[in-house]
Amino acid sequence: MEKKEIKRYAVFGLIAVIVCYIVQNFKLFEKIFSIAFTSVYPLVLGAIIAYIFNIILCWLENHYFPKSKKKFAEMSRRPVCIVLSFLFAVGIIVLVLNIILPVIMNAFEILGAKIPPLFNDGVSYILKKLEQYPDIQKEVKDFLDTFDLQNVDWAKTTENIFQAVKSGFMNFLSSTAKIVGVITTATTQIVIAVIFAVYLLFRKDKLLNDINRIMNVSFSDKVNKKTRKICKIANETFRQFFVGQFIEAVILGCLCFIGMVILRLPYAGMSGTLVGVTALIPIVGALIGAGVSAFIIFTESPMQALIFLIFLVLLQQFEENFIYPKVVGDSVGLPGIWVLASITVGGGLGGIFGMLISVPLVATAYKLFFEKLEEKETAIKISQKNKSKKQK
């Protein structure tokens, strides 16, 4: 047996031993992984934020005095574009909230005003239908009287609520420290993530150069070439996916708005915005926006809410089968059937986050697989051609 084969078998054996040890002590490694992930979570989140904002940053840098050779333009290009990219994102968030939040608040006010009359009308309708059954009518009336909003003793109800709040106040105080701790931790993680993201965006050129230098002295040219090729394909795929997902969300939001205007449904602007924003979550996101919008439209007219739901179901079918596979699938070079399959599997394994990364991951593997397949096919054809020449 050659020395190279012995080394290979030794590596395989070592890997098998490590895997067996991890399986036997899975809970211990799970706890260690959980602690480690919690520690690096702000940095991971910051890297994700930096990667997404880098798409906007690159576009802004290409349009910020691109032909200017002045020192001020070159020095100010990166910081100005970083600030503009964050302001752009904050502006979109503020605009969306200003469109959606007032309508939601108004919907709750309308519900508060309409629920008591609707409840009383429903009680009257039920009692009228039970006039032929006096005994049942009396039982139902006695039961419904306990829910009669017009005869509620609000003073007594308020006192009961106050007593309940008072009795639970101490429990609330005991959990306040935990609540404050969770909020403080989350806020700290977000702040650290944003700071780390800004640092990465400022120093991205230097960091990439340092990584290349480390790779050049640590690995062979063949490994570096293959690694850079994989990273390049993955980067292009993820970038195209995020851009395609954004375009798809805008298209769906606009179609929702136009359809609601044609059908003369209320809250067209709010619903279109909400459906478009939630559509950033692949496939199922628009359904979340549709549910909230239907609830708000229901405060105006239950029939119009039903029409809206029917319209959104049809629009969602059109989006799933035509818009999403075409826009997102074409942007990442992945056939529509694989887009749907990757979202289904990714959502089952990792929820919303799994849906977001499943398409670009599968698209990257898809491209690498078929590139390798084409290389092997080319090599086989060349070998067959040389073989046929020798036979002649």
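**Close-up views of the predicted model**

View 1. Helix α8 (residues 268-278) is largely enclosed by the rest of the structure, because eight of its eleven residues are buried. The model shown here and in the other views is predicted. In α8, the buried positions are Ala268, Met270, Ser271, Gly272, Leu274, Val275, Gly276 and Thr278.

**View 2. The largest nonpolar core.** This core has 16 residues. Within it, Cys256, Met260, Phe308, Phe311 and Leu312 have the most contacts. At least two residues of the core come from each of α7 (221-262), α8, α9 (285-298) and α10 (302-332). Helix α10 supplies the largest share, five residues.

**View 3. Contacts of Phe308.** Neighbours within four places in sequence are left aside here. Phe308 is then in contact with Cys256, Met260, Leu265, Ser271, Ala290, Ser293, Ala294 and Ile297. Among these, Ser271 is also one of the buried residues of α8.

**View 4. The second core.** A separate core of 14 residues is shown, including Ala50, Phe53, Phe86 and Ala89.

**View 5. The second largest pocket.** The space in this pocket is about 320 Å³. Its lining consists of Lys222, Lys225, Lys226, Lys229, Ile230, Leu368, Glu371, Lys372 and Glu375. Helices α7 and α11 (336-391) are the elements that give two or more residues to the lining. The largest contribution, five residues, is from α7. By class, seven of the lining residues are charged and two are nonpolar, with no polar residues.

How values were computed:
Residues numbered from 1 in each chain as written. Predicted model: local features only at pLDDT ≥ 70, side-chain atom pairs only at ≥ 80, totals over all residues. Heavy atoms only, no water. Buried < 20%, exposed > 50% of the residue type's maximum accessible area, 1.4 Å probe, protein only. Helix = DSSP H or I, 4+ residues; strand = E, 2+ residues; numbered from the N terminus. Core = buried A, V, L, I, M, F, W, Y, C linked by side-chain atoms within 4.5 Å. Contact = heavy atoms within 4.5 Å. 1 Å grid on protein atoms, 1.4 Å probe; cavity = no way out; pocket = protein on both sides within 12 Å on 5 of 7 lines; lining within 4 Å. Points joined across faces, edges and corners; volume = space filled by probe spheres on them. Nonpolar A, V, L, I, M, F, W, Y, C, P; charged D, E, K, R; others polar.
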